[in-house]
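Welcome! Here are some friendly notes to read with the model open beside you.

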Amino acid sequence: AGYTIDASRSVAVETAIHQNGDGLWSKFEYSQAYGQHWRLTGTLSVFRGDPLDFLGQYRRNSNGLIAVKYSF
């Protein structure tokens with residue numbers, strides 16, 4: 001799901017949950033434009049679950065990312 005707050009800001013969420021609830025992946029993203037050319041985006045990906053589950057095997061790979069983009 002994504003939502004545009006205004007012309008320069010947006011948020012998004014993506015989620016996958018294993019049908020038995022043993023594994024979870026979620027991605028949260030916030031993006032904001034500065035001026036006509038710059039955009040800053042922050043992303044957080046979270047993995048959780050049982051170590052024997054497909055998604056749960058990646059539970060130690062949760063991460064965050066900050067990206068700066070210049071468009072011309």
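1. Together S1 and S2 make a hairpin, with two residues between them.

2. A word on the source: this is a predicted model, in which local features need pLDDT of at least 70 and side-chain atom pairs count only at pLDDT 80 or more, while totals for chains, interfaces and linings use all residues. Residues are numbered from 1 along each chain as its sequence is written, and side-chain values use heavy atoms, with hydrogens and water left out.

3. Strands are DSSP runs (E, at least two residues), numbered from the N terminus. Two strands count as paired if DSSP finds at least two bridges between them.

4. Look for Val13, which stands opposite Phe28 in S3. The hairpin of S2 and S3 has five residues between the strands, and Gly21 there takes a positive phi near 80°.

5. Next, S3 and S4 run antiparallel and are joined by twelve bridges. Here Glu29 stands opposite Thr43 in S4.

6. Now for the whole sheet: it is open, has five strands in the order S1-S2-S3-S4-S5, and its pairing is antiparallel. S1 and S5 are the edge strands, each pairing on one side only. On average, neighbouring strands of this sheet are turned by 15° against each other, direction ignored (axes are lines fitted to C-alpha atoms, and angles run from 0 to 180 degrees between N-to-C directions).

7. Finally, do look at the surface. Tyr34, Trp38, Leu40, Ile66, Val68, Tyr70 and Phe72 form a nonpolar patch there, with about 860 Å² of accessible area together. The elements giving two or more residues to this patch are strand S4 (38-49) and strand S5 (63-70). The largest share, three residues, comes from S5. Patch residues have over 30% relative accessible area and no salt bridge, and nonpolar side chains (Val, Leu, Ile, Met, Phe, Trp, Tyr) are joined within 5 Å, like charges within 9 Å. A salt bridge is a side-chain nitrogen of Lys or Arg within 4 Å of a carboxyl oxygen of Asp or Glu. Areas come from the Shrake-Rupley method with a 1.4 Å probe, and for residues only the protein chains shown count as cover.

Notes: Helices (H or I, at least four residues) and strands (E, at least two) are DSSP runs, numbered from the N terminus.
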